[in-house]
Amino acid sequence: MADITKRVCAALLVVAVTAACDTKAQFAPSLPPEAGFRVDGGVLKLWTGTPCEGVTGLRLTFDSGTQDSTEQVWAAPRPGVRVERLDLLGGSSSDAGGLQVRTPLPSAYDWTKAGSVSIAVDGPKAFGAKADVAQVLRESAGHPTGSYLFGRSGWMDAAAVQRENRKSFLTVCTPDPA
């Protein structure tokens, strides 16, 4: 009986150590999720890449996970709204498709000094995405207005997003094909 107990304990230890070394999160998508960001005329713009239906909330976070983390929160009443392109900062919120800013950024906050920007969508099943703020600011003027920076996937227009979505990345509202 002691031998069986030792073997079971050893097997459980191996399973626990192996599971602890798994670097992929249990519910992580099979491809990296991405959303597009660009700046035009001082306005930070979002393109989800494909439409997000039934959006009841959107959270924009600068410097996520740091002591400088700052958020802007948008909300819409149920059943939610369709979101595909949105002026996030510096633009008019009149064409936000029913989304309203519920928690604005602090008035003295300069988002152009942030290291990163992350987006999370509430309502539909969606993934979060992140981009480098300095890269978006530095490179936007060098790309046509229809191109957005999709994080690690680079600058893409509509044809490139359509071609690569589900192959090399997932737009934030594209279901995981895995």
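This is a predicted model: local features need pLDDT of at least 70, side-chain atom pairs count only at pLDDT 80 or more; totals for chains, interfaces and linings use all residues.
Leaving aside neighbours within four places in sequence, which residues is S118 in contact with?

Residues are numbered from 1 along each chain as its sequence is written, and side-chain values use heavy atoms, with hydrogens and water left out.

View 1. S118 lies in strand β8 (strands are DSSP runs of E, at least two residues, numbered from the N terminus). Its contacts (heavy atoms within 4.5 Å) beyond four places in sequence are R59, L60, T61, S64, A129 and K130. S118 counts as buried because its relative accessibility is 13% (buried means under 20% relative accessible area, with a 1.4 Å probe and protein chains only).

**View 2. The open sheet of five strands.** The strands follow the order β7-β5-β4-β8-β9 with antiparallel pairing (two strands pair if DSSP finds at least two bridges between them). At the edges are β7 (100–103) and β9, each of which pairs on one side only.

**View 3. Strand β8 and its partner β4.** Strand β4 (residues 57–62) is joined to β8 by six bridges in the antiparallel sense. L58 stands opposite V121 of β8.

**View 4. The hairpin of β8 and β9.** Strand β8 (residues 116–122) pairs with β9 in the antiparallel sense over four bridges, and V117 has A131 as its bridge partner. Six residues lie between the strands of this hairpin, where G123 takes a positive phi near 120°.

Terms used
Buried means under 20% relative accessible area, exposed over 50%, partly exposed in between (1.4 Å probe, protein chains only).
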